[in-house]
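Student: I have the sequence and the structure open. Could we go through some of the helices and strands?

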Amino acid sequence: MASNAGIAPDALKTHADAADPTVAFADAATFGEGLRHARERSGKSMAELAAETKVHRRFLTALEQGDWSSLPSRVFALGYVRAYASALALDEQLAVERFKRESPDTSVPLKAPIGIAFEDVRRHSPRIVAGIAVVAIAVIGWNVFQRISLRQTAHPSDIAVAPKTWANGDTTDPRFALSAPMAAPPDQTTPAPYITRGLEAELTGVDPADPAALAAAANAAPVQKAFNPRGAVYGAPANASMVVIQARTAGALVVRLGDGQALFARQMAPGEAWRAPTGVAATVDVSDPAAFDVYLNGEYGGPLAGVLTPLAQLNSRADQAARALAAVQARAQAQAQAHAQAAQSRAQAGGQPGAAAPPSPPTTAPAASPTIPTAPN
């Protein structure tokens, strides 16, 4: 025989609800009262709950009394609610949701009521529509009025009779007859260039009237290409270096002193260069000689001769090239002065009036650079 014989189903339901603390918590008038009733039903004191949940007694009391201002931040308050509900065997999610509904969130600013602006627009919409319609009608009416007022009535032409020449297209007016085509103007000719005597010899150091000087200038070695920085330049400053090593392709460049210490070491990118100091005993060590070009006194001197190249050898080549260039310039300057003096003497001997004074010797006379000596094998 069942133990609940004679008990109505509603009575059984009421008894089961009373035994479930979550149902009693949900039926409480407020969140705080639900917690207090659940705590009193469990028989636990506030001190016991504080020790079990590790939450200060002051915060637990604030939850039961609904004193939200005494609680810390929102995140900590939600954690206290979960710990309190877990200690009383309540549904944690239910407790958290009810706490959120009854406690205001002060971290979120209040928002303006939704729908007020829309109601204002809807209330004033008839006036706005009427104003737009009036403006549209005024614009259309003004355009129609302008078109009507500018329209002109068609009237006959003022020319009563068309000229006879208009009716007959083949007849031409003798006053406007075309003449025979004229001959084309003669082609333009370019005048011969004017050459100032002595100027070419003074500027280039080569006398155009001297066949030997012209032959020497024609047989001179061409000027090599100049150094063009296409990346970072390392090493000595420009005024303290005669040798520049530039990477044509990527490669390693290591410069070691006599004791083996590295003066410079870098994986050079294409276009990067290193200026070699003068008076330093070192050895240039590269990964690939064909990947590096040498520039002596700013002019191209060919690729590196080998993997290991003494720096003194490169500086010696640059010094020899500089001295050879200085000698050629000195000879060209001397020849220019001699030709100028000869021209002046011929002018004075011929009795030409207004003979010009002898020109001052130029400071530097450009000439073809000599052939740069190659490095010995």
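**Helices and a sheet**

Student: How many residues does helix H12 have, and what does it reach from its first C-alpha to its last?
Tutor: This is a predicted model. Helix H12 runs over residues 311-349, which gives 39 residues. At 1.5 Å a residue the expected value is 57 Å, and the helix comes close to that. From first C-alpha to last, H12 reaches 57 Å.

Student: Which residues of H12 are buried?
Tutor: Buried here stands for under 20% relative accessible area. The buried residues of H12 are Leu-311, Leu-314, Asn-315, Arg-317, Ala-318, Ala-321, Val-328, Ala-332, Ala-336, Gln-344 and Ala-347.

Student: In what order do the four strands of the open sheet come, and which are the edge strands?
Tutor: The pairing is antiparallel, and the order is E4-E3-E6-E9. The twist from one strand to the next averages 15°. An edge strand pairs on one side only, and this holds for E4 (262-268) and E9 (308-310).

Student: What is the bridge partner of Val-254 in E4?
Tutor: Strand E3 covers residues 251-257 and pairs with E4 in the antiparallel sense. The two strands share six bridges. For Val-254, the bridge partner in E4 is Ala-265.

Notes:
Residues are numbered from 1 along each chain as its sequence is written. This is a predicted model: local features need pLDDT of at least 70, side-chain atom pairs count only at pLDDT 80 or more; totals for chains, interfaces and linings use all residues. Side-chain values use heavy atoms; hydrogens and water are left out. The expected span of a helix is 1.5 Å times one less than its number of residues. Buried means under 20% relative accessible area, exposed over 50%, partly exposed in between (1.4 Å probe, protein chains only). Two strands pair if DSSP finds at least two bridges between them. Axes are lines fitted to C-alpha atoms, for helices over the stretch in contact, and angles run from 0 to 180 degrees between N-to-C directions.
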